[in-house]
Amino acid sequence: MNSDQVQERIEGFIQKLKGGVVEGLINREEMKSILKKRNDFEYSLARNQVTLEDYQLYLTYELQLEKLRKKRRERLLSSNASHSDNLFIENIIRLYKIIVQKYRNGKVEEGFLFLRKNKTEK
């Protein structure tokens, strides 16, 4: 992945996060912070030597954001489906797919153990 591809991905994140701001799930400062963190993670994944731990750190961050989104959705007492429901899920799924494709050996099991552990901590 090159820097242009990373920048395109970040621009796609911006539009989704703006929807979260409009719906009141995140504020502008949080949006900036999320974009900075995602930018750092995306560029770290664009390096030549990416490790499973790099993906795990990014996934952990995204899972925490999703947990926060769910809590805020509950607090807003809105059970209606909205665009922000997929605010973080799409990126989480994308990262899962990359792990499965990239680590088809014994490391995949390690990755899924990590994911299972995070799911049970919710």
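Asp40 is partly exposed, with a relative accessible area of 40%. Here, buried means under 20% relative accessible area, exposed means over 50%, and partly exposed lies in between (1.4 Å probe, protein chains only). The partner of Asp40 is Lys36, and the two side chains form a salt bridge with N and O 3.1 Å apart. A salt bridge is defined as a side-chain nitrogen of Lys or Arg within 4 Å of a carboxyl oxygen of Asp or Glu. Lys36 is exposed, at 53% relative accessible area. Asp40 and Lys36 sit four residues apart in helix α2, so about one helical turn separates them.

The model is predicted: local features need pLDDT of at least 70, side-chain atom pairs count only at pLDDT 80 or more, and totals for chains, interfaces and linings use all residues. Residues are numbered from 1 along each chain as its sequence is written, and side-chain values use heavy atoms, with hydrogens and water left out.

Glu42 and Arg94 meet in one of them, with an N to O distance of 2.4 Å. Arg94 counts as buried, at 18% relative accessibility. Glu42 is also buried, because its relative accessibility is 0%.

Glu42 has a further partner. Arg9 forms a salt bridge with Glu42, and the closest N and O atoms are 3.4 Å apart. Again, distant parts of the chain are linked: Arg9 lies in helix α1 (residues 3–22) and Glu42 in helix α2 (residues 28–45), 33 residues apart. Arg9 counts as partly exposed, with 26% relative accessibility. Together, Arg9, Glu42 and Arg94 are linked in a network of salt bridges. Across the whole structure, the search finds ten salt bridges.

The chain has five helices and zero strands. Both types are DSSP runs numbered from the N terminus (helices: H or I, at least four residues; strands: E, at least two). Along the sequence, the pattern reads α-α-α-α-α. Of the 122 residues in the chain, 36% are buried. Among contacts (heavy atoms within 4.5 Å) with a separation of 6 or more, 69% come from residues 24 or more positions apart. The accessible surface of the chain is about 7900 Å², and carbon and sulfur atoms contribute 52% of that area. Accessible areas come from the Shrake-Rupley method with a 1.4 Å probe; for residues, only the protein chains shown count as cover.
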